[in-house]
Amino acid sequence: MTPVAEKNADRVSRRQVDKFAERRDQLAEAALQTLSELGYARTSLREIAQNSEFSHGVLHYYFSDKVDLITHCVRHYKARCVTRYDGVVATAHTPEELKAGFGRVLVDSLRDEATMHRLWYDLRSQSLFEESFRADVAAIDKSLEDMIWRIVSRYAELAGRTITIAPATMYAVFDGLFQQSLGRHLSGDDTAADSLADNVDQVLALVIPAR
């Protein structure tokens, strides 16, 4: 094969890979609603197909099994979430703006996408029993930890302060607050979202106090 032919073949191969990945993302979007409503244990590829425009055969072509599908769905959704918070970091010019933006995105996400977050915590709990989930869960957790650290470190930078808490600890605090608020929200507590915003303010004030 000539160098030109090899280059063209490589381009075709990359396009095929990109199209395959794009199709997996499209299927993940279609499956998210069913997965978030029913959870991991009560959902099968066949049931997802019955609740979407795609056939069971199509899902099985792009995903080897339910584990492959659900981990891809959650990674796809969480990656989208991360971009929202990175937008807050990029546009805030004062500590107050960042804190307000962070709290707003958290509250909106809790109210509007509670079942999606429930799916994530379901998957994370399942990883304690299912080894096949653990690598993906660890990768998602790390991306969320990095996201929280970008927010907190930028807040400290804008406030002219130094952070003395480790990234993993900071993530554990905010993740715990969010999961607790999610449970309250799903149980019908109308004050859960506002309480979450207040708790975020309190944590930031404790970790990075004003001068």
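A crossing is left-handed if the near helix is turned anticlockwise from the far one by less than a right angle, and right-handed if clockwise. This is a predicted model, where local features need pLDDT of at least 70, side-chain atom pairs count only at pLDDT 80 or more, and totals for chains, interfaces and linings use all residues. Numbering starts from 1 along each chain as its sequence is written, and side-chain values use heavy atoms, with hydrogens and water left out.

**View 1. Helix α4 against helix α5.** Helices here are DSSP runs (H or I, at least four residues), numbered from the N terminus. Residues 66–91 (α4) and 95–112 (α5) pack at about 155°, axes 8 Å apart; axes are lines fitted to C-alpha atoms over the stretch in contact, with angles from 0 to 180 degrees between N-to-C directions. So the pair is roughly antiparallel (over 145 degrees; under 35 would be roughly parallel), and the crossing is right-handed. On the α4 side, Tyr77, Arg84 and Tyr85 are among the residues meeting α5, whose partners include Leu98, Phe102 and Val105 (contact means heavy atoms within 4.5 Å).

**View 2. Helix α4 against helix α7.** The axes of α4 and α7 (residues 131–159) come within 10 Å and cross at roughly 5°, which means the two run roughly parallel. Val74, Val82 and Tyr85 of α4 are among the contact residues, as are Phe133, Leu144 and Met147 of α7.

**View 3. The annotated stretch.** An unreviewed UniProt entry labels residues 44–63 "DNA-binding region"; such annotations may be inferred rather than shown by experiment. This stretch is 65% helix and 0% strand, its end C-alpha atoms 12 Å apart.

Key. Angles under 35 degrees count as roughly parallel, over 145 as roughly antiparallel, 65 to 115 as roughly perpendicular and the rest as oblique.
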